[in-house]
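Here are my notes on this one, point by point. Have a look at the model first, then read on.

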Amino acid sequence: MRRLELLRVEHRDLDSAIAALAETGGGDQMQIARFKKRKLRLRDEIASLEDSLVPDIIA
């Protein structure tokens with residue numbers, strides 16, 4: 001559970017960093033792209049952890 005929360009915090013922080021770089025216009029496009037890729041990897045890891053917490057229910 002702690003890992004999941006840390007990933008969510010990092011995901012939000014990256015979202016803020018990407019928005020700030022894009023807003024100022026001085027952001028390095030390569031840096032923004034790296035942040036976006038990291039954010040996608042975090043999203044996938046968060047989804048995987050959330051799926052493992054929810055048991056499969058056979059209806």
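**Notes on the helices and the overall shape**

1. Starting with α1: Leu 4, Leu 7, Leu 14 and Ile 18 are buried in this helix. Buried here means under 20% relative accessible area, with exposed over 50% and partly exposed in between (1.4 Å probe, protein chains only). Helices are DSSP runs of H or I with at least four residues, strands are E runs with at least two, and both are numbered from the N terminus. An α-helix has 3.6 residues a turn, so residues three or four places apart point the same way.

2. Before going further, the ground rules. This is a predicted model, where local features need pLDDT of at least 70, side-chain atom pairs count only at pLDDT 80 or more, and totals for chains, interfaces and linings use all residues. Residues are numbered from 1 along each chain as its sequence is written, and side-chain values use heavy atoms, leaving out hydrogens and water.

3. What do the buried residues of α1 pack against? Their partner is α2, and contact means heavy atoms within 4.5 Å.

4. On helix lengths, α1 has 23 residues and reaches 33 Å from first C-alpha to last, close to the 33 Å expected at 1.5 Å a residue. Helix α2 (residues 29-53) has 25 residues and reaches 36 Å, close to its expected 36 Å. The expected span is 1.5 Å times one less than the number of residues. After α1 comes Gly 25, with a positive phi near 75°.

5. Zooming out, the chain has two helices and zero strands. Its radius of gyration is 15 Å, well over the 10 Å that the globule rule gives for 59 residues, so the chain is more spread out than a compact globule. That radius is taken over C-alpha atoms, and the rule is 2.2 Å times the number of residues to the power 0.38. The C-alpha trace spans about 50 × 20 × 15 Å along its principal axes, and 15% of the 59 residues count as buried.

6. Contacts: among those between residues at least 6 apart in sequence, 64% join residues at least 24 apart.

7. Asp 13 is partly exposed, at 49% relative accessible area. Asp 13 and Met 30 are 17 residues apart in sequence and 18 Å apart in space, C-alpha to C-alpha.
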